[in-house]
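The briefing is meant to be read alongside the sequence and the coordinates.

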Amino acid sequence: GFEWTLLCFGDDQRQASAFSAAAIEAGLDLRVITVDDEEARDLYESDLALIRPDQIVAWRHVAGSIVDPAKVIAHALGGSMNENTNEKAAAVCNERGAVQPQIQ
């Protein structure tokens, strides 16, 4: 599809859940897909890959490194990795007309 997508190669559900939560906080419509294919993991050279709607890889993660999903999302949306990430990501999403999740 043509939405933000997080590809999860392997069984790192903790990181996938953290990205889902950060995306909701930022107002980003993120689809999480688990890929159980070693060749695909080797192709992306990562355990997680964040794919932009235009199908460009925005970010890749290798297991063992520490990552802040909110900072990654904000940076992928054009913000700095050092700014207040959730506010920056939400502002960018609003400017670009991103779908805001309905939380009840």
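What follows is a briefing that goes from the overall fold to the sheet, a helix and a loop residue.

This is a predicted model, and the protein contains four helices and four strands, which follow one another along the sequence in the pattern β-α-β-α-β-β-α-α. The four strands come together in an open sheet of mixed pairing, and helix α1 (residues 13-26) lies across β1, β2, β3 and β4.

**Overall figures**

- Of the 104 residues in the protein, 37% count as buried.
- The protein exposes about 6300 Å² of surface, and carbon and sulfur atoms supply 48% of that area.
- Among the contacts with a sequence separation of 6 or more, 61% are made by residues 24 or more positions apart.

**The sheet and its pairing**

- The order of the strands across the open sheet is β2-β1-β3-β4.
- Strands β2 and β4 (57-61) stand at the edges with a single partner strand each, so one side of each is left without a neighbour in the sheet.
- From one strand to the next, the twist averages 15°.
- Strand β1 pairs with strand β2 (residues 30-35) in the parallel sense over six bridges, and in this pairing Phe9 stands opposite Val35 of β2.
- Strand β1 also runs antiparallel to strand β3 (residues 48-51), to which four bridges join it, with Leu6 standing opposite Leu50 of β3.
- Strands β3 and β4 are antiparallel as well and are paired over four bridges, and here Leu50 stands opposite Trp59 of β4.

**Strand β1 as an enclosed element**

- Six of the six residues of strand β1 (residues 4-9) are buried, so this strand is largely enclosed by the rest of the structure.
- In a regular strand, side chains alternate between the two faces of the sheet.
- In β1, Trp4, Leu6 and Cys8 point one way while Thr5, Leu7 and Phe9 point the other way, and all of these residues are buried.

**Helix α3 and its ends**

- Helix α3 (residues 69-76) is mostly covered, with six of its eight residues buried; these are Pro69, Ala70, Val72, Ile73, Ala74 and Ala76.
- At the start of α3, a side-chain oxygen of Asp68 comes to within 3.0 Å of the backbone nitrogen of Ala70, and Ala70 is itself one of the buried residues of the helix.
- Just after α3, Gly78 adopts a positive phi of about 105°.

**Ser46, a buried loop residue**

- Ser46 is located in the loop between α2 (38-44) and β3.
- Ser46 has a relative accessibility of 0% and therefore counts as buried, the cut-off for that class being under 20%.
- The side chain of Ser46 reaches the backbone oxygen of Leu48 at 3.1 Å.
- When neighbours within four places in sequence are left aside, Ser46 is in contact with Phe9, Arg41, Arg60, His61 and Val62; one of these, Phe9, is among the buried residues of β1.

Methods
Residues numbered from 1 in each chain as written. Predicted model: local features only at pLDDT ≥ 70, side-chain atom pairs only at ≥ 80, totals over all residues. Heavy atoms only, no water. Buried < 20%, exposed > 50% of the residue type's maximum accessible area, 1.4 Å probe, protein only. Helix = DSSP H or I, 4+ residues; strand = E, 2+ residues; numbered from the N terminus. Polar contact = N/O pair within 3.5 Å; in protein donor to acceptor, adjacent residues only side chain to side chain. Pairing = 2+ DSSP bridges. Contact = heavy atoms within 4.5 Å. Areas by Shrake-Rupley, 256 points an atom, 1.4 Å probe, with all protein chains shown as cover. Axes fitted to C-alpha atoms, helices over the stretch in contact; angles between N-to-C directions.
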